[in-house]
Amino acid sequence: MNYEQKGPLTNLNLTIENLAQAIFIVNRHAKTATNPKLLYKLKQETLKKLIQEGKAKKVGLHFSENPRNSQQQSDVLVECGRYTFHIPPTKTDFSNLPHFGKLDERVRNPKATLSLNTAKALLQVYTGISEFEQTPSQHKKSKTYQKPVFKKLGERYS
């Protein structure tokens with residue numbers, strides 16, 4: 001049974017390998033999604049929790065493939081099971097982790113066979129993040145429309 005059917009996830013265990021596969025699937029789909037915020041948040045929070053529990057580890061730093069504003073930028077390489085992922089670095093990562101330089105294009109993650117819905121459900125169960133949680137930006141009150149005021153030529157606005 002999958003997550004949309006509101007049944008329990010009986011066929012998937014929260015093993016390191018299953019979680020790593022789920023992160024891989026979610027990350028792959030996030031790169032082409034129209035609204036990838038939830039997918040990247042699931043990836044980030046899952047990896048953070050796995051690192052805190054000692055089930056994943058930060059290995060080093062790589063130069064980012066797509067740096068913002070054409071500047072050089074680094075990402076943290078995280079190893080989880082047989083998979084590796086990149087996450088944004090913290091200030092302490094630069095002093096605690098070795099820098100590997102440019103990303104090696106020959107290193108690839110193994111193929112995963114989970115569906116996106118199953119992967120999302122697995123990560124949501126693990127992290128406790130709900131797809132329907134509203135982000136703080138959605139709580140903003142919309143501004144009421146105010147008609148523009150036009151003055152005759154030469155008059156001042158007060």
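A residue counts as partly exposed when its relative accessible area lies between the 20% below which residues are buried and the 50% above which they are exposed. The legends below describe a predicted model.

View 1. K49 belongs to helix α2. Its relative accessible area is 28%, and K49 is therefore partly exposed. In sequence, 77 residues separate K49 from Y126, yet their C-alpha atoms are 8.9 Å apart in space. Y126 is one of the buried residues of α4.

**View 2. Lys120, a buried lysine of helix α4.** K120 is located in helix α4. Because its relative accessible area is 12%, under the 20% limit, K120 is classed as buried. With neighbours within four places in sequence left aside, the residues in contact with K120 are V26, L38, L39, L42 and E131.

**View 3. Helix α4 and the residues it buries.** Helix α4 has 12 residues, and the distance from its first C-alpha to its last is 16 Å, close to the 16 Å expected at 1.5 Å a residue. Its buried residues are T118, A119, K120, A121, L122, L123, Q124 and Y126. These buried residues pack against α1 and α2. After α4 comes G128, with a positive phi near 85°.

**View 4. The three-stranded sheet.** The strands form an open sheet in the order β1-β2-β3, with antiparallel pairing. The edge strands, each pairing on one side only, are β1 (57–63) and β3 (83–87). From one strand to the next, the twist averages 30°. Five bridges join β2 (residues 74–80) to β3 in the antiparallel sense. Within this part of the sheet, V78 has F85 of β3 as its bridge partner.

**View 5. Helices α1 and α2 against the sheet.** Helix α1 (residues 16–30) lies across β2 and β3, and it runs at about 50° to β3. Helix α2 (residues 37–52) also packs on the sheet, where it touches β1, β2 and β3. The direction of α2 makes about 115° with that of β3.

**View 6. Phe85 and the largest nonpolar core.** The largest nonpolar core contains 28 residues, of which L50, F85 and L123 touch the most other members. At least two residues of this core come from each of α1, α2, β2, β3 and α4 (116–127). Helix α1 supplies the largest share, eight residues. Not counting residues up to four places away in sequence, F85 touches A20, I23, F24, K43, L47, V76, L77, V78, C80 and N109. V78, listed here as a contact of F85, is also its bridge partner.

**View 7. The chain as a whole.** Four helices and three strands make up the secondary structure of the chain. Along the sequence these elements follow the pattern α-α-β-β-β-α-α. Of the 158 residues in the chain, 30% are buried. Among contacts between residues at least 6 apart in sequence, 65% join residues at least 24 apart. The chain exposes about 11700 Å², and carbon and sulfur atoms supply 51% of this area.

Terms used
Residues numbered from 1 in each chain as written. Predicted model: local features only at pLDDT ≥ 70, side-chain atom pairs only at ≥ 80, totals over all residues. Heavy atoms only, no water. Pairing = 2+ DSSP bridges. Axes fitted to C-alpha atoms, helices over the stretch in contact; angles between N-to-C directions. Contact = heavy atoms within 4.5 Å. Core = buried A, V, L, I, M, F, W, Y, C linked by side-chain atoms within 4.5 Å. Buried < 20%, exposed > 50% of the residue type's maximum accessible area, 1.4 Å probe, protein only. Areas by Shrake-Rupley, 256 points an atom, 1.4 Å probe, with all protein chains shown as cover. Expected span 1.5 Å × (residues − 1).
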